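Student: I would like to learn how to read a few features of a fold. Please take them one at a time.

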Amino acid sequence: MGYLLLAGAIAAEVAATTAMKYSEGFSRLLPSLLTALGYLLSFTLLAQTLKTVSVGTAYAIWAGVGTAAIATIGILFMGEGMTATKAAGIALIIVGVVVLNLGGAH
């Protein structure tokens with residue numbers, strides 16, 4: 001159940017960060033509200049995750065997967081460029097999350 005909650009926390013964080021981009025510096029009401037609600041939900045779910053998943057593992061997965069997802073959204077939907085360095089960074093994040101899980105740091 002902990003990893004299901006963590007997936008929800010990641011999804012809420014990614015949605016909140018995406019909404020923040022569209023808030024135009026918190027000058028647009030709806031995206032600004034979605035940002036606040038998304039982060040509130042994300043932190044609530046992350047806190048629940050920590051009941052069953054170690055803090056280091058949960059935070060590394062939350063931050064890493066969220067960062068990789070936002071970078072991918074930026075490339076696919078927001079016109080951000082893809083460089084070899086950016087691709088390598090995303091790949092290293094994914095590898096790091098996999099290694100943490102294989103290492104049994106639960």
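Tutor: Start with surface patches. They are made of residues with over 30% relative accessible area and no salt bridge; like charges are joined within 9 Å, nonpolar side chains (Val, Leu, Ile, Met, Phe, Trp, Tyr) within 5 Å. Accessible areas come from the Shrake-Rupley method with a 1.4 Å probe, and for residues only the protein chains shown count as cover. This is a predicted model: local features need pLDDT of at least 70, side-chain atom pairs count only at pLDDT 80 or more, and totals for chains, interfaces and linings use all residues. Residues are numbered from 1 along each chain as its sequence is written, and side-chain values use heavy atoms, with hydrogens and water left out.

Student: Which residues make the nonpolar surface patch?

Tutor: Leu29, Leu33, Leu37 and Leu40 make it, with an area of about 440 Å². Take Leu33 from that group. Leu33 sits in helix α2, residues 29-49. Helices here are DSSP runs (H or I, at least four residues), numbered from the N terminus.

Student: How do I read a salt bridge?

Tutor: Side chains of opposite charge can pair when their charged atoms come close. The cut-off is a side-chain nitrogen of Lys or Arg within 4 Å of a carboxyl oxygen of Asp or Glu.

Student: How many salt bridges does a search of the whole structure find?

Tutor: One. Lys86 pairs with Glu80, and their closest N and O atoms are 3.9 Å apart. Lys86 is partly exposed at 28% relative accessibility. Glu80 is also partly exposed, at 38%.

Student: And helix packing?

Tutor: Two packed helices are described by the angle between their axes and the distance between the axes. Axes are lines fitted to C-alpha atoms, for helices over the stretch in contact, with angles from 0 to 180 degrees between N-to-C directions. The axes of α1 (residues 2-22) and α2 come within 7 Å and cross at roughly 160°.

Student: How are α1 and α2 oriented to each other?

Tutor: They are roughly antiparallel, a label for angles over 145 degrees.

Student: What about α1 and α3?

Tutor: Helix α3 spans residues 55-77; α1 and α3 pack at about 40°, with axes 9 Å apart. They are therefore oblique to each other. Oblique covers the angles left after roughly parallel (under 35 degrees), roughly antiparallel and roughly perpendicular (65 to 115).

Notes. Helices (H or I, at least four residues) and strands (E, at least two) are DSSP runs, numbered from the N terminus. Buried means under 20% relative accessible area, exposed over 50%, partly exposed in between (1.4 Å probe, protein chains only).
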